[in-house]
Amino acid sequence: FVNIPYLNILCLLMAQMSIGSASSLLWSIYIPSQGESGMVSTINGVLDFSGYLFASAANILFAHTIGNLGWNGIVVLWCALPAVGFVMSMMTKQNK
C-alpha cells in the first residue's frame with residue numbers, strides 16, 4: 001500500500017501506538033472505574049474472552065480478504081474497521 005519502506009514502517013508504528021492507546025484506556029480507566037460494582041474480575045474476564053473470540057474471527061475474515069482482494073484489500077479493511085468503530089462510538093449517548 002505504501003511503497004517507501006521507511007514510510008511503511010512509520011505507518012506500522014503509528015498503528016501499533018493507536019491500538020496500544022485504546023487498549024490502555026480500556027484497561028487503566030474503564031475496568032478500575034467498575035470497582036464499586038464488585039465485578040472487576042468478571043469484566044476483565046469477559047473482555048479477555050471477547051478479545052480472543054473476535055481475534056480468531058478476524059483471522060478468518062482477513063484470510064478470506066487476502067485471498068479475494070490481495071494485501072491492498074486487507075490494508076483498506078484494517079483502515080475501515082477502526083473508522084466504523086469510531087463512528088459507532090460517536091453515535092452513542094453517554095450518560096453520567
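User: Which helix does Met14 lie in?
Analyst: This is a predicted model, where local features need pLDDT of at least 70, side-chain atom pairs count only at pLDDT 80 or more, and totals for chains, interfaces and linings use all residues. Residues are numbered from 1 along each chain as its sequence is written, and side-chain values use heavy atoms, with hydrogens and water left out. Helices are DSSP runs (H or I, at least four residues), numbered from the N terminus. Met14 sits in helix H1.

User: Is Met14 buried, partly exposed or exposed?
Analyst: Buried means under 20% relative accessible area, exposed over 50%, and partly exposed in between (1.4 Å probe, protein chains only). Met14 has 46% relative accessibility, so Met14 counts as partly exposed.

User: Where is confidence lowest, and where is confidence highest?
Analyst: pLDDT is the predictor's confidence in each residue, from 0 to 100. The protein averages 82, and 95% of the residues score at least 70. Confidence is lowest in helix H1 (residues 5-33), at a mean of 81, and highest in helix H2 (residues 40-69), at 87.

User: Which helix gives the most to the lining of the largest pocket?
Analyst: A pocket is an open set of points on a 1 Å grid over the protein atoms alone, where a 1.4 Å probe fits, with protein on both sides within 12 Å along at least five of seven lines; lining residues have an atom within 4 Å of a point. The largest pocket holds about 1700 Å³ of space. Of its 35 lining residues, the closest to the centre are Ala15, Ile19, Trp78, Leu81 and Pro82. H1, H2 and helix H3 (71-91) each supply at least two lining residues, but the most, 13 residues, come from H1.

User: Why does Leu77 count as buried?
Analyst: Leu77 is placed in helix H3. Leu77 counts as buried because its relative accessibility is 19%.

User: What separates the C-alpha atoms of Ser28 and Val87?
Analyst: Ser28 lies in helix H1. At 49% relative accessibility, Ser28 counts as partly exposed. Ser28 and Val87 are 59 residues apart along the chain, and their C-alpha atoms are separated by 23 Å.

Conventions:
Points joined across faces, edges and corners; volume = space filled by probe spheres on them.
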